[in-house]
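Me: I'm new to this structure and would like to learn how to read its features one at a time. Could you walk me through some of them?

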Amino acid sequence: MRAMNLLLLDPQEWPAGTADRALLRLTGRRADHIRTVLKAAPGDSVRIGVLDGLTGLARVEDLSAQEVVLDAVLDTPPPPPLPLTLLLALPRPKVLRRVLQAATSLGIKQIHLINSFRVEKSYWQTPFLQPDSIHQQLRLGLEQARDTILPQVHIHTRFKPFVEDELPALAMGKRCLVAHPLPESQSCPATLNEQTVLAVGPEGGFIPYEVEKLQQTGFTAVTLGPRILKVETAIPALVARLFFP
Ligand code: SAH
């Protein structure tokens, strides 16, 4: 069973008409989770959040086989989002799930899954691209990071139309970087708080044509050095370099 740093509620689970404090009666999966995973006892507090809303603490008032009663207060905004739009060449399915979760926990709110020459065609058929499956990974990432703001995931199955027709508007006014570990790439900057678009390639890397197309759209090729990292390692390393103080 997974641990959970935040019990993320759907807005409709918060009683209608109450503002920032409410008595919540949770049943089923939620109550089971509080009993068996969090092993909470009356008097304990659990951290809660409402999807796309505030977070806070909830005191366990009562706990029976049927339900858990919480005295819940919502008073704390979620952590600030990263000013980052991630363009990610679609990874293979297992990596996709982990990366969506990790990107969400890092605070990325805009994720564009894009095609690339070295993305295997079969990856686009994975059930992990179904909206419900994506949503589940995003929620896990939010709970991990005590966040509530659901990222948006956009899917672009063709590289050239995406870059030519959609990317210019996305990139407008932003710093645009393509992570590309070649000696001639620039050293990845340590940005402060600037709106940024970052493109990360597939396992085999972007092909030269793709890097050129991105460069024509205003992207600069950047590197973290000669170590070739897996996508799931490269993303947190790049994000930390770009945004963590
Ligand atoms: N085989 C490719 C690398 C693919 S690694 C090559 O040899 O060039 C997958 C992706 O992770 C890359 O496209 C890049 O976006 C990112 N990445 C991996 N290591 C990196 C590094 N040291 N610096 C910057 N980006 C890196």
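This is a predicted model: local features need pLDDT of at least 70, side-chain atom pairs count only at pLDDT 80 or more; totals for chains, interfaces and linings use all residues.

Me: Are C176 and C188 buried or exposed?

Reply: Buried means under 20% relative accessible area, exposed means over 50%, and partly exposed is in between (1.4 Å probe, protein chains only). C176 is buried at 7%, and C188 is buried as well, at 3%.

Me: Which strands make up the open sheet, and in what order?

Reply: Strands of a sheet pair through backbone hydrogen bonds, either parallel or antiparallel. Helices (H or I, at least four residues) and strands (E, at least two) are DSSP runs numbered from the N terminus, and two strands pair if DSSP finds at least two bridges between them. Here seven strands form an open sheet with parallel pairing, in the order β8-β7-β6-β11-β9-β12-β10. β8 and β10 (186-187) are at the edges with a single partner strand each, so one side of each has no neighbour in the sheet. To look at one pairing, take β9 (residues 175-179) and β11 (residues 196-200), which run parallel and are joined by five bridges.

Me: How should I read helix α3, and which of its residues are buried?

Reply: An α-helix has 3.6 residues a turn, so residues three or four places apart point the same way. The expected span of a helix is 1.5 Å times one less than its number of residues. With 15 residues, α3 reaches 21 Å from its first C-alpha to its last, close to the 21 Å expected. Its buried residues include I134, L138, R139 and L142. Among the elements covering them are β1 (7-9), α1 (28-37), α2 (93-106) and β8.

Me: What does R139 touch, leaving aside its neighbours within four places in sequence?

Reply: Contact means heavy atoms within 4.5 Å. R139, in helix α3, is buried with a relative accessible area of 13%. Its contacts, with those sequence neighbours set aside, are L8, L9, D10, R30 and L51.

Me: Which residue follows α3, and what is its phi?

Reply: Most residues other than glycine have a negative phi, and most peptide bonds are trans. R146 follows α3 with a positive phi, near 55 degrees. R146 sits in the loop between α3 (131-145) and β8 (152-156) and is partly exposed at 39%. D52 also has a positive phi, about 65 degrees, although it is not a glycine. You will find D52 in the loop between β3 (45-50) and β4 (55-63), partly exposed at 48%.

Me: Which residue lies over the face of F128?

Reply: A charge sits over a ring if NZ of Lys or CZ of Arg is within 6 Å of the ring centre and within 35 degrees of the ring normal. R97 lies over the face of F128, 4.5 Å from the ring centre.

Conventions:
Residues are numbered from 1 along each chain as its sequence is written. Side-chain values use heavy atoms; hydrogens and water are left out.
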